[in-house]
Amino acid sequence: MATLPKGPSKLAMIRMMFDLSYTLADMARDYGDPLTMPSAFGPMVITIAPEGNKEIFTADPELFTASAADSFGRVIRTSVLVTSGAQHKRQRKLLAPPFHGQRMRSYGTVMRNAATEWALRLAPGNPFAMIYTTQAITLDVIIEAVFGVDQNERVEQFRTDLLELLGSFSPLIFLRPLQHEFGGIGPWARFQKVFRRLEQHVVALTTERRKSQESKEDILSLLLCAQDDEGQSLSDQEILDQLLTVVFAGHETTAVMLAWAFYLLHKYPDKLDKLHQEIDAHPLDLEADAIAKLPYLEAVINETLRLYPPIHVIHRRLAQPMKLMGYDLPAGVVVAAGAYATHRLPSIYPEPEQFVPERFIGKTYSPFEFLPWGGGARRCLGAAFAMYEMKIVLFTILKQCRFALLETEEVKLTHRAGTVGPKGGIRMMLQR
């Protein structure tokens, strides 16, 4: 029988779920690397060392299945998040084009316009939570760039559906024993009710778009036209699941990362001043591609992703036995790279709790040291799109607004839909 690395008890795992100040970095100091943690997926062997991350990300993809299928499989049944093997490889190939190259860059105007519109809605002197502004911006980008919806009535319908879906989120919906209706009571029943309504609207839009002869560049239209090497298109179910995956993985995580960026920049005003020196040298209507190439702006975003990666633990389930960091692990065990803790290793990042964008100027890190978007064959497909959006939104708002940070204490972490975000949403005030 295989011997797994030592690790915390179930009690510690429950503490970690509800007390996010007790992090994987703390666990690694207490139990070593790798460590075994009880989880909703079963025993999870987590490594934080770059060597361990490399062993996971460079292993044969056939060695793994998607552990996310355990949680998300009943929500987005054919999503690229939950498929494995040949099906996963086919889907990634069909999904990649809209998120890269010229097609991705065509969304730059949408991103700039959304940022400007919501910045102009802020009133000087009125406190607000930054997360709601960044969420509104990324939601508008999703609605237009992903669904191609630009009619006011329909935009409001999608915005209402998506916000209700995100508002119905609870970590409990990903626990298999609780994924039952229970007579319409409980978090799973609430989530399903909102999810079905959104699903109906997306199906109706997909049917309408198939019949339309209009040429559009939104991601839905591109997926409807995509064909694999055998000339096969994505099924309606696959398209629905991929679109909803983009909403979960793209909208909320990007909004959270932008909120963290505003928080860190205003917590460290010298870094904000340095960023202003770079962006104030350019006009507001600077081309999106030029914005994306500004070095300090990119360093600010990378340092934000280091401190607050979208996914703290990147996991896979073993379909076959694997040797990890000297341990022989049996099939069925979940293995994981602990990005949050890796990003806080002082051997790689001196003074790891400090916000130092200069770490990313003139220096690169391996994909096993810096892994905000996962790695290997399952690396996030929307990483380039998210980076592009964060750069344009941050540039556009900071060119037009000056803020005051109202948080007087360290902002704590809290669970959000599909990620971990700032508790309280980052309280700020527009000065001018």
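Modeller: Before we look at the sheet of this predicted model, one term is needed: two strands count as paired if DSSP finds at least two bridges between them.

Biologist: With that in hand, what is the order of the strands in the open sheet of five strands?

Modeller: Strands of a sheet pair through backbone hydrogen bonds, either parallel or antiparallel. Here the order is β1-β2-β8-β5-β3, and the pairing is mixed. The edges are taken by β1 (35-37) and β3 (64-65), each of which has a single partner strand, so that one side of each is left without a neighbour in the sheet.

Biologist: Which strand do four bridges join to β2, and in which sense do the two run, parallel or antiparallel?

Modeller: Strand β2, residues 44-47, is joined by four bridges to β8, and these two run parallel. Within that pair Val45 stands opposite Val335 of β8, while Ile46 faces Ala336 of β8. On the other hand, β5 (residues 314-318) pairs with β8 in the antiparallel sense, again over four bridges, and there His315 has Ala336 as its bridge partner in β8.

Biologist: Which way do the side chains of β8 point, and are they buried or exposed?

Modeller: In a regular strand the side chains alternate between the two faces of the sheet. In β8, Val334 and Ala336 point one way and Val335 and Ala337 the other, and all of them are buried.

Biologist: Where does Val333 lie, and what does it touch?

Modeller: Val333 is in the loop between β7 (327-329) and β8 (334-337), and it counts as buried because its relative accessibility is 7%, below the 20% cut-off. Leaving aside residues up to four places away in sequence, its contacts are Leu4, Pro43, Val45, Arg316, Arg317 and Leu318. As for distance along the chain, Val333 and Pro8 are 325 residues apart, yet 16 Å separates their C-alpha atoms.

Biologist: Turning to helices, how many residues does α7 have, and what span should they cover?

Modeller: At 1.5 Å a residue, the 13 residues of α7 (108-120) should span 18 Å, and the end C-alpha atoms are 19 Å apart, which agrees.

Biologist: Which residues of α7 are buried, and what do they pack against?

Modeller: An α-helix has 3.6 residues a turn, so residues three or four places apart point the same way. In α7 the buried residues are Gly108, Val110, Met111, Arg112, Ala114, Ala115, Trp118 and Ala119; they pack against α6 (101-105), α8 (130-146), α9 (152-167), α14 (288-292) and α17. In α10 the buried residues include Trp188, Phe191, Phe195, Leu198, Glu199 and Val202, and their cover includes α9, α11 (219-225) and α12. Helix α12 (236-267) holds Gln242, which is buried, with a relative accessible area of 3%, and which touches Thr78, Ser79, Val80, Gln91, Leu95 and Leu223, among residues beyond four places away in sequence.

Biologist: What is the volume of the second largest pocket, and which residues are the closest to its centre?

Modeller: Its volume is about 350 Å³, and, of the 23 residues lining it, the closest to the centre are Asn302, Phe370, Pro372, Trp373 and Arg379. Both α15 (295-307) and α17 (383-400) supply at least two lining residues, and the largest share, five residues, comes from α17. By class the lining of this pocket has 13 nonpolar, six polar and four charged residues.

Biologist: Finally, which backbone angles deserve a check, and what is phi of Met325?

Modeller: Phi of Met325 is near 50°, a positive value in a residue other than glycine; Met325 sits in the loop between β6 (322-324) and β7, and at 26% relative accessibility it counts as partly exposed. Ile426 also has a positive phi, near 70°, and is found in the loop between β11 (419-422) and β12 (427-430), but at 0% relative accessibility Ile426 counts as buried. For omega, look at Asp33 and Pro34, which are joined by a cis peptide bond with omega about 0°; Pro34 belongs to the loop between α2 (24-31) and β1.

Key
Residues numbered from 1 in each chain as written. Predicted model: local features only at pLDDT ≥ 70, side-chain atom pairs only at ≥ 80, totals over all residues. Heavy atoms only, no water. 1 Å grid on protein atoms, 1.4 Å probe; cavity = no way out; pocket = protein on both sides within 12 Å on 5 of 7 lines; lining within 4 Å. Points joined across faces, edges and corners; volume = space filled by probe spheres on them. Nonpolar A, V, L, I, M, F, W, Y, C, P; charged D, E, K, R; others polar. Expected span 1.5 Å × (residues − 1). Buried < 20%, exposed > 50% of the residue type's maximum accessible area, 1.4 Å probe, protein only. Contact = heavy atoms within 4.5 Å.
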